[in-house]
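Here is a brief report on a predicted model. It takes up a sheet, a helix and the nonpolar cores in turn.

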Amino acid sequence: MQKINDFLVNLDSYIGGSPWFVFLLLGTGLFFTLYLKFPQIRYFKHALRIVSGKYDKESDKGDASHFQALATALSGTVGTGNIAGVALAIHLGGPSALFWMIVTAFLGMTTKFVEVSLSHKYREVAADGSIAGGPMYYMKNKLNMKWLAAIFAFATIISSFGTGNMPQVNSISNSVFSTFGISQWITGLVLAIILGVVIIGGIKRIVKVTDKLVPGMALIYFVGVLAVILYNYQNFIPSLEQIFGGIISGTAATGGFLGASFAFAFNRGVNRGLFSNEAGQGSAPIAHAAAKAHEPISEGMVAILEPFIDTIVICTLTGLALVSSGVWNEKHETQFQYASIKVLDRVYDSANKADAKDLHLYAVGKKQLKTFDGELKVEGGRLVAPPTIIHNRSIAEDITVKLNGKPYSGSIPVSHGDITDNRFEINGKSLLSSAPLTIEAFKRSYFGSYGEYIITIGLLLFAFSTAIAWSYYGGRAVTYLFGVKYVIWYRIIYVIGFFIASFTDTTIVWTFSGIAIAFMTLPNLFGILMLHKDMKNTLKQYWVDFRKEGW
């Protein structure tokens with residue numbers, strides 16, 4: 001398992017976590033923002049009018065209203081990225097990573113506008129009479145690049161598991177286990193059954209579920225996150241200083257040694273920003289293609305609202321809650337994940353400048369440290385004179401070891417820094433990441449310990465709605481590649497994968513999701529850049545028709 005995780009981590013660092021991918025993503029958004037003269041600002045008010053149904057016509061063709069398409073797309077983006085993803089970004093890159101998530105969202109508003117408009121313009125009617133659209137259709141119908149369309153569609157199927165399936169249920173099951181003590185596989189089984197019932201009904205049943213889930217779950221989460229920020233109001237200004245003041249210098253001090261350098265905060269902020277709002281990934285256009293509209297630009301304008309709601313509003317509030325509560329750089333009692341453990345060859349002292357520098361470079365992937373080979377000695381559940389053990393990019397403290405629920409005495413085999421016998425329950429204090437970190441933040445609010453339930457319920461609703469939406473995205477990709485009759489088999493595999501991921505190691509799940517996002521995003525960015533003139537001409541024609549017809 002550890003070898004698989006190491007391979008995925010290396011692959012992710014070369015693709016989704018690499019500087020060239022980050023600059024390509026931001027560069028595309030910046031190009032279209034300037035090329036189309038800041039549409040995310042100029043058309044924001046108009047987008048609100050469109051989503052309200054002001055310009056709808058009875059003759060409009062599609063399977064969903066503007067609001068339903070927006071709700072479905074939001075349900076695909078408002079998920080673990082807003083709760084666990086923000087926590088992971090701040091854990092990896094410090095508070096300033098949130099700033100880069102916001103920047104990514106601002107530019108992503110334009111990217112979403114472009115990809116949705118083009119996908120809606122070149123959509124088709126599937127064999128079963130439903131509307132089928134997405135980047136693969138403009139790649140095929142306009143660019144005449146069927147090979148690129150096939151690559152994107154295949155990547156969408158893979159990404160439906162890496163983005164909408166695996167990390168969603170994994171976060172839910174771990175959160176429910178942390179809060180209620182219910183085994184992960186039980187949560188996964190129950191939700192897998194419900195998921196199967198919902199997605200079998202196709203897009204019409206999906207939009208009926210999502211347009212009710214999204215407003216309700218947003219309200220619950222909004223109340224909870226405000227309770228944290230207001231409770232810690234004295235830390236509000238210092239939190240802003242950490243988020244925006246550390247942009248250049250980086251914010252020091254996670255776990256005593258991990259200083260979030262500019263480059264690391266930048267890369268992780270942008271990467272998690274994409275995971276959260278999916279701008280440029282090409283997923284939301286698949287949902288928006290089903291919207292009822294007599295021309296494509298209006299639906300593109302509706303899509304402008306998504307990154308704003310998802311990242312600029314929800315993720316920013318989550319980030320402020322994490323930083324103002326102070327939990328982001330504190331060590332907490334937790335059960336260790338094996339994939340997040342690394343045993344070094346000696347004892348490192350974070351108070352020593354040389355050791356702290358080595359640990360920082362190791363944590364951000366800039367330096368390799370010698371790892372331990374041999375056996376760790378354990379007496380009465382406590383390690384005897386252990387070397388430094390890293391968990392979640394921090395030095396682990398107060399470690400206890402149990403076997404079959406009882407304190408263990410004996411030895412634990414270690415090879416190249418990895419514990420090779422996974423029978424042990426290892427607990428201790430370390431930094432937290434993902435959903436457990438957000439849960440700790442929500443406990444420091446007016447709701448006290450009950451704040452934990454808000455996150456658990458929020459994760460359940462957010463992540464489950466994301467899984468529903470992504471099942472539709474993957475199904476549309478299957479329709480494109482193989483035909484409508486194979487969608488049912490995809491949905492069966494999707495539900496089975498949903499169940500299995502509920503008890504799969506968290507670290508591997510999140511790493512896999514980053515790789516899947518990159519493989520889906522690259523062909524989409526290439527496609528919309530190739531069609532930049534088409535987009536501009538379509539936008540000009542929209543305003544000509546709008547002024548003439550007065551829709």
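An open sheet is built from 3 strands, in the order 6-9-10, with antiparallel pairing. Strand 6 (341-343) and strand 10 (394-395) are the edge strands. Each has a single partner strand, so one side of each lacks a neighbour in the sheet.

## Helix 7

Helix 7 covers residues 96-121, which makes 26 residues. At 1.5 Å a residue it should span 38 Å.

How many of the 26 residues of helix 7 are buried? The count is 23, so the rest of the structure largely encloses this helix.

## Nonpolar cores

The largest nonpolar core holds 116 residues. Phe113, Leu195 and Met301 have the most contacts inside it. Helix 19 (residues 451-482) supplies the largest share of this core, with 15 residues. Another core lies apart from it and has 19 residues, including Val343, Ala396, Ile399 and Val401.

Which residues does Leu195 touch, leaving aside those up to four places away in sequence? They are Phe464, Ala467, Ile468, Tyr494, Val495 and Phe498.

Conventions
Residues numbered from 1 in each chain as written. Predicted model: local features only at pLDDT ≥ 70, side-chain atom pairs only at ≥ 80, totals over all residues. Heavy atoms only, no water. Core = buried A, V, L, I, M, F, W, Y, C linked by side-chain atoms within 4.5 Å. Buried < 20%, exposed > 50% of the residue type's maximum accessible area, 1.4 Å probe, protein only. Helix = DSSP H or I, 4+ residues; strand = E, 2+ residues; numbered from the N terminus. Contact = heavy atoms within 4.5 Å. Pairing = 2+ DSSP bridges. Expected span 1.5 Å × (residues − 1).
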